[in-house]
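Please read the points below alongside the sequence and the model.

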Amino acid sequence: STGVDKLRQTPEFDFVSAGKTHRDYELMKSVMDAQNIRYKIFGAKSSTENEITYSELMRFYEKSKFICIPMKVVKPVNSVLIGLTSFVDAIACGIPVLMSDNSLIGVDVEGLGLGKIYKTGNTADFEKQMLSLMELTDEEYTAMCENCLDFSRKNSFEKFSKRVNELINES
């Protein structure tokens, strides 16, 4: 049985979210509470909420169907790279994401089948994208998880670092 199969049988949470920088937990909570979504938010060394260690966080990721990366509107727009750690962790664990469109991560999340993107700060769009994830069939969900694992295998940090180093040395 693969990790995807194990995860999918009885997830304890629909969504887990972690991080402190520019997170829009108010929007996340209001929508998820209204829809009776099972979720957990962690502060990750920020004292935001439920502060835990990184290894404990990974255990909660394993119990979640999706990872939510909700960002606040940042001024100036497109000025800050945010959510990268949460994104990399989720994808490496084979867990699809729901994230705002202002992260600057530079990955076509929807096009690659890694999850859903919502318009930053837009409650209605957050809800729409969240519900579209919740309504995935088992087959669609498993395929999305496999897409995450495939993306993770093809885009290792080592390869990324090597490419960045090559670009720096070219200039």
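1. Basis. The model is predicted: local features need pLDDT of at least 70, side-chain atom pairs count only at pLDDT 80 or more, and totals for chains, interfaces and linings use all residues. Residues are numbered from 1 along each chain as its sequence is written, and side-chain values use heavy atoms, leaving out hydrogens and water.

2. Aromatic pairs. The structure holds six aromatic pairs. Rings of Phe, Tyr and Trp (its six-membered ring) pair if their centres lie within 6.5 Å; planes under 30 degrees apart count as stacked, over 60 as edge-to-face and the rest as tilted. The pair of Phe 13 and Phe 60 is tilted because the ring centres are 5.9 Å apart and the planes stand at 40 degrees.

3. Setting of this pair. Phe 13 lies in strand β1 (residues 13–18) and Phe 60 in helix α3 (residues 54–62), so the pair ties together parts that are 47 residues apart in sequence. Helices (H or I, at least four residues) and strands (E, at least two) are DSSP runs, numbered from the N terminus. Both Phe 13 and Phe 60 are buried, that is, under 20% relative accessible area (1.4 Å probe, protein chains only), where exposed is over 50% and partly exposed in between. Together with Phe 42, they form one aromatic cluster.

4. Asp 24. This residue lies in the loop between β1 and α2 (25–34). Asp 24 touches Pro 70, Met 71, Lys 72 and Gly 121, not counting residues up to four places away in sequence; contact means heavy atoms within 4.5 Å.
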